[in-house]
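Please read the points with the model open.

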Amino acid sequence: MYWIITKYLITAAVIVAVSEIAKRSDKLGALTAALPMVTILALIWMNIEGQSTEKLDNHAWYTFWYVVPTLPMFLAFPYLHARFSFWITLGICALISIVCFWGFSWFAKLFGVNLL
C-alpha cells in the first residue's frame, strides 16, 4: 500500500512541477511537458516491480506508436482556441486525436504494426 501511495505522490509531483514551470515560461513549460516523463516513470515503476524485459520493451515500443497520431492535436489546439472556448477546443482536439489514432492504426497495420 505504501508503494502505490509513493508512486502516486511522485507522479503527481511531476505533473504539478510541469504546470508550475509552464506558468513561468511558455517554452520551458512546453519543453518539460514534451519530455516523456510519464513513460519514464512508468518504465521505472514497472522495472522496480519486476516486470519482464519484454513487458518493458513493449511499453516503450507502443508508446512511440501511440504518440505519433496525437501530434496533430497540438497543432490544431492554438488555431481552434483562438476561435472557440477552451472546453470546446479541448473536445474538438480529443475528437481529432481519436480520428487520427484510428486512421494511423489502420495505416500502421499495413506495415505489420498492430495498435488495436
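**Notes on the model**

1. Helix H1 covers residues 2–24, and its 23 residues should span 33 Å at 1.5 Å a residue, which agrees with the 33 Å between its end C-alpha atoms. Helices here are DSSP runs of H or I with at least four residues, numbered from the N terminus. The expected span is 1.5 Å times one less than the number of residues in the helix.

2. This is a predicted model, in which local features need pLDDT of at least 70 and side-chain atom pairs count only at pLDDT 80 or more, while totals for chains, interfaces and linings use all residues. Residues are numbered from 1 along each chain as its sequence is written, and side-chain values use heavy atoms, with hydrogens and water left out.

3. Which residues of H1 are buried? They are Lys-7, Val-14 and Val-18. Buried means under 20% relative accessible area, exposed means over 50%, and partly exposed lies in between (1.4 Å probe, protein chains only). The buried residues of H1 pack against helix H2 (26–34) and helix H3 (37–48); contact means heavy atoms within 4.5 Å.

4. Lys-7 has a relative accessible area of 18% and is therefore buried. Its side chain meets that of Glu-49 in a salt bridge, at 2.5 Å from N to O. Glu-49 lies in the loop between H3 and H4 and Lys-7 in helix H1, so the pair ties together parts that are 42 residues apart in sequence. Glu-49 is partly exposed, with a relative accessible area of 37%. A salt bridge is a side-chain nitrogen of Lys or Arg within 4 Å of a carboxyl oxygen of Asp or Glu.

5. The structure holds 3 salt bridges. Glu-20 forms one with Lys-23, where the closest N and O atoms are 2.9 Å apart. These two residues are 3 residues apart in helix H1, so about one helical turn separates them. Glu-20 also meets Arg-24, side chain to side chain, in a salt bridge of 3.3 Å, N to O. Arg-24 and Glu-20 both lie in helix H1, 4 residues apart, about one turn of the helix. An α-helix has 3.6 residues a turn, so residues three or four places apart point the same way.

6. Lys-23, at 62%, counts as exposed, and Arg-24 counts as exposed at 65%.

7. Met-1, Tyr-2, Ile-4, Ile-5, Tyr-8 and Leu-9 form a nonpolar patch on the surface, with about 790 Å² of accessible area together. Patches are made of residues with over 30% relative accessible area and no salt bridge; like charges are joined within 9 Å and nonpolar side chains (Val, Leu, Ile, Met, Phe, Trp, Tyr) within 5 Å. Accessible areas come from the Shrake-Rupley method with a 1.4 Å probe, and for residues only the protein chains shown count as cover. Ile-5 is found in helix H1 and counts as partly exposed at 38% relative accessibility.

8. Ala-30 lies in helix H2 and is partly exposed, with a relative accessible area of 48%. Ala-30 and Ser-19 are 11 residues apart in sequence, and their C-alpha atoms are 9.4 Å apart in space.

9. Helix H4 (residues 53–67) has 15 residues and reaches 21 Å from its first C-alpha to its last, close to the 21 Å expected at 1.5 Å a residue. Its buried residues are Leu-56, Thr-63 and Trp-65. The buried residues of H4 pack against H3 and helix H6 (86–109).

10. Trp-65 also belongs to the largest nonpolar core, which has 5 residues, the others being Phe-104, Ala-108, Val-113 and Leu-115. Such a core is a set of buried Ala, Val, Leu, Ile, Met, Phe, Trp, Tyr and Cys residues joined through side-chain atoms within 4.5 Å. Not counting residues up to four places away in sequence, Leu-115 touches Tyr-62, Trp-65, Tyr-66, Phe-101, Phe-104, Ser-105 and Ala-108.

11. Met-73 is found in helix H5 (residues 71–81) and is buried, with a relative accessible area of 14%. Leaving aside neighbours within four places in sequence, Met-73 is in contact with Cys-93, Ile-96 and Ser-97. Ser-97 lies in helix H6 and counts as buried at 17% relative accessibility.
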